[in-house]
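Q: Could we go through this structure together? I would like to start with a hairpin and move on from there.

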Amino acid sequence: MALPVRVFDVECYPNFFLVLFKDLDTGEIIRCQQSPNRTLNRALLLRTLQTSTLVGFNSTEFDLPMIQLALKGFGTDELKEVCDDIIQRGMRARDVAEQYGLSRPPWDHIDLIQVAPLKAGLKLYAGRLHCKKLQDLPYDPDTALTAEQAAVVVEYCGNDLANTATLYEELKPQLDLRTQLSTLYKQDLRSRSDAQIAEHIISAEVEKINGVRPQRPQGLEGRSYKYRIPDYIQYKLPHLRALLETIRAADFTVGASGSVELPKALAGLDIRINGGKYRIGIGGLHSSETKVHHVATDDLLLIDRDVASYYPNLILNQGLYPQHLGEAFLTVYRSLVERRLAAKKAKDKVTAESLKIAVNGSFGKLGNKWSCLYSPDLLIQVTISGQLCLLMLIEMVEEYGIRVVSANTDGIVIRCPKARYELLNTIVAKWEAATGLETEETRYKAVYSKDVNNYIAIKDSGKVKGKGLYSVPWDAVTEGPAIFKLHKNPCTTIVPEAVMALLKDGTPLEDTIRASRDIRKFTAVRTVAGGANQNGTYLGKVVRWYYATDGHNVINYRKSGYKVPKSDNSKPLMELPDEFPTDVNFGWYVQEAQSVLNSLGYAQRTLFEP
């Protein structure tokens, strides 16, 4: 029988210690508190821990060791000292356990901090999820609380539980996949990131083959590597041949952080192919277009060609593996890829998505010096090969007068006369045969670009793809997995929504903006280091606001007094209202939408004529 799922959180002051639980099914609150007028009910606390699936945020490093010490009988002053060791002095949970003789917590537990992307704090995730209330700790953590203040802290903790519950529900699909993987690999993987899961799976399988547990390589800082050019990468243009020789001669050096540094000979180098300008980096190839748009016509196709499973296939096709792991890595990696493809073919979505975590998540570990998969030379070989392959495709397409208008890491956008479409397919097929890679085609009606990383594309299907500044995942305005909403802060999303409606359907900007009555679309969320004030009122380290007709003040950094960027005429909205505010400055949002249109090259000539 499944245990009830309870979110939980710990608060600690010199004379106050609180553990608060909330049952996600029943809403029941369980409060375990130690304070001058209340004794900690250890029996209730232990029973709750033993009969729950606990869900916390950063709970492995903070909440669980604090709870263990409370169960050992530590007083509030002792708990506060450990709390300061963890929060202020960076003490890790394993160090706390060693110092105080704690065993590994035996309770069923999920920590969301690694599952959620990009290592943000709970308050920022709450802002990204449009949670009802954003609130900082109400009193300085060194305050000896009165009974009234303690009640406020309990309420604050309850709000954190509500936000943790919202984050848990948002991450439920990812947690379900981790549960599947935990069963498959007989180890609890629910609290691990994609990259950590990939590392665990691959290292465990490699250990089975080699009979030795993989260890991370050490002492690679300062070491240089040469890129090995695959035989199939060939160019016709003289300056591309020269580029190839420059790369062949370059030293790719591992810096002090363990990351590979781009050789000076390649840094800032412009690579020109007809009208296009491209740059190579450690991460990927990028074109350099700005403020331009392209529109398909009856005679002109706008085609996106993305390389399918680009990095995994480069690894497999070149037979690449970390030297310290040997060919066992390749055996394991190939098996994961093949099993995933078989699951996709069998429409076993759960298995396919689970294995996708292992396949894609491993790549980031190649550049992480703390990982047993760490392999700077393999990272270079994959990323540089990917860029050179794309340049090769661009050259082949451009040779026949078909224009490439954008390139970004794993794909290119092409303006192709309809009469040359079959020729384009022949060219791409020739490239695929040479490289062993495959591409997938998407047709666009139009692409509007601020730059290569920020654009709006309207597909033939009528769906809209927003990238970078213009992705709006919160309301399914743009395509993409729901988890993407956790990657970026909401920033007046009614603006790109209005722009998309104009570009797609011709709806006037003002019509879309004035018709909306969802205040969340009008808000901006931002982290403010050290916290923010407005007119002397402290708002918090994560601030939410909208632009109001009577909002004539700015938000300031609490410490320096400097203005928080783009906070002119802002009105804080730390708690979402039940009714749409009457003072929303619609004119500000219309003006901002017009500015976005201008940045996208709307109403300007395209880069290339048909």
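A: Strands β14 and β15 form a hairpin with three residues between them, and T409 in the turn has a positive phi of about 65°. Strands here are DSSP runs of E with at least two residues, helices are runs of H or I with at least four residues, and both are numbered from the N terminus. This is a predicted model, in which local features need pLDDT of at least 70, side-chain atom pairs count only at pLDDT 80 or more, and totals for chains, interfaces and linings use all residues. Residues are numbered from 1 along each chain as its sequence is written, and side-chain values use heavy atoms, with hydrogens and water left out.

Q: How many bridges join β14 to β15?

A: Four bridges join β14 (residues 403-407) to β15, and the two strands run antiparallel. Two strands count as paired if DSSP finds at least two bridges between them. S406 has V413 of β15 as its bridge partner.

Q: Which other strand pairs with β15 in the antiparallel sense?

A: Strand β13 pairs with β15 in that sense, over seven bridges. L302 has R415 in β15 as its bridge partner.

Q: Changing topic: what is the strand order in the five-stranded sheet?

A: The order is β3-β2-β1-β4-β5, in an open sheet with mixed pairing. Strands β3 (29-34) and β5 stand at the edges with a single partner strand each, so one side of each is left without a neighbour in the sheet. The twist averages 25° from one strand to the next; angles run from 0 to 180 degrees between N-to-C directions, and axes are lines fitted to C-alpha atoms, for helices over the stretch in contact.

Q: How do the strands pair within that sheet?

A: Strands β1 and β2 (residues 16-23) pair in the antiparallel sense over eight bridges, with E11 opposite L18 in β2. Strand β1 (residues 5-13) also pairs with β4, in the parallel sense over three bridges, and V55 in β4 is the bridge partner of V7. Strand β4 and β5 (residues 109-111) pair in the parallel sense over three bridges, where L54 stands opposite H109.

Q: Which way do the residues of β4 point?

A: T53 and V55 point one way from β4 (residues 53-56), L54 and G56 point the other way, and all are buried.

Q: Which strands does helix α6 lie across?

A: Helix α6 (residues 147-170) lies across β1, β2, β3 and β4, and runs at about 145° to β1.

Q: Is C157 buried or exposed?

A: C157, found in helix α6, is buried, with a relative accessible area of 0%. Leaving aside neighbours within four places in sequence, C157 is in contact (heavy atoms within 4.5 Å) with D9, E11, L18 and L20.

Q: On to helix packing: how do α2 and α4 cross?

A: The axes of α2 (residues 59-71) and α4 (residues 93-100) come within 9 Å and cross at roughly 20°. The two helices are therefore roughly parallel to each other; that term covers angles under 35 degrees, while angles over 145 count as roughly antiparallel, 65 to 115 as roughly perpendicular and the rest as oblique. The contact is made by T60, E61, P65 and L69 of α2 and by A93, V96 and Y100 of α4.

Q: What about α10, which residues are buried there?

A: In α10 (residues 310-318) the buried residues are Y310, Y311, P312, L314, I315 and L316. Their cover includes β13 (300-307), α11 (327-345), α12 (349-365) and α13. Just after α10, G319 takes a positive phi of about 65°.

Q: Last one: what does α17 pack against?

A: The buried residues of α17 pack against β16 (439-451), α15 (494-505), α16 (509-515) and β20 (537-547). Those buried residues are F586, W588, Y589, V590, A593, V596, L597 and S599. Helix α17 (residues 586-599) has 14 residues and reaches 20 Å from its first C-alpha to its last, close to the 20 Å expected at 1.5 Å a residue; the expected span is 1.5 Å times one less than the number of residues. Just after α17, G601 takes a positive phi of about 75°.

Note on methods: Buried means under 20% relative accessible area, exposed over 50%, partly exposed in between (1.4 Å probe, protein chains only).
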